[in-house]
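Hi,

Here is the structure I said I would pass on. Have a look at it first, and my notes follow below.

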Amino acid sequence: MEQGISKLEALGFRVGQSLIERLTKECSRFKDELDTMKFLCKDLWNLVYKKQIDNLRTNHQGVYVLQDNRFKFLVQMSTGKQYMESAPKYLAFPCGMIRGALSNLGINCIVTAEVSAMPACKFQIQIQRS
């Protein structure tokens, strides 16, 4: 099971790298990290999930939290609490996609996901500073 989740995350990483390359081809450089995160929440999320992230928060110290109140992968299974334990499997790919996109933009990070009430989920991005 853990190996499957790792493969999904790695696949998401490669997809994120490719998508961000295509999306930013015509763009000017981002002025800062926050600008990059806003692009991710609006443009990348809209391309992949046909909607924007519902909420972006930061502590201005390298931690960003992206909240999607109706995450597409969880909407269909959100009718029962019995599916809460399965939810992390569906979040490995988007975690990898976020990490891959940011990696291609020069931002090294760790991305984790959390589901407290389906179908909402939060993606926490911890920027790794050298």
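This is a predicted model: local features need pLDDT of at least 70, side-chain atom pairs count only at pLDDT 80 or more; totals for chains, interfaces and linings use all residues.

**What I found**

Phe123 is buried, with a relative accessible area of 0%.

I started with the aromatic rings. Searching the whole structure turns up eight aromatic pairs. One of them is Trp45 with Phe71: the ring centres are 6.2 Å apart and the planes meet at 35°, so this pair counts as tilted. Trp45 belongs to helix α2 (residues 33–49), while Phe71 is in the loop between β2 (63–68) and α3 (72–75), so the pair ties together parts 26 residues apart in sequence. Are these two buried or exposed? Trp45 is buried, at a relative accessible area of 0%, and Phe71 is buried too, with a value of 0%.

Now back to Phe123. Its ring and that of Trp45 have centres 5.5 Å apart and planes at 65°; since an angle over 60 degrees counts as edge-to-face, that is what this pair is. With Trp45 in helix α2 and Phe123 in strand β4 (residues 121–127), the pair ties together parts that are 78 residues apart in sequence. Which residues make up the cluster here? Trp45, Tyr49, Phe71, Phe73 and Phe123 form one aromatic cluster.

Next, helix α4, residues 87–104. The buried residues of α4 include Leu91, Phe93, Cys95, Met97, Ile98 and Leu102. And what covers the buried residues of α4? Among the elements doing so are α1 (2–23), α2, α3, β3 (109–114) and β4. After α4 comes Gly106, which has a positive phi, near 85°.

Last, Tyr83, which you will find in the loop between α3 and α4. Tyr83 is partly exposed, with a relative accessible area of 33%. Setting aside neighbours within four places in sequence, Tyr83 is in contact with Met77 and Met118. From Tyr83 to Leu105 there are 22 residues in sequence and 34 Å in space, C-alpha to C-alpha.

Cheers

Terms used
Residues are numbered from 1 along each chain as its sequence is written. Side-chain values use heavy atoms; hydrogens and water are left out. Rings of Phe, Tyr and Trp (its six-membered ring) pair if their centres lie within 6.5 Å; planes under 30 degrees apart count as stacked, over 60 as edge-to-face and the rest as tilted. Helices (H or I, at least four residues) and strands (E, at least two) are DSSP runs, numbered from the N terminus. Buried means under 20% relative accessible area, exposed over 50%, partly exposed in between (1.4 Å probe, protein chains only). Contact means heavy atoms within 4.5 Å.
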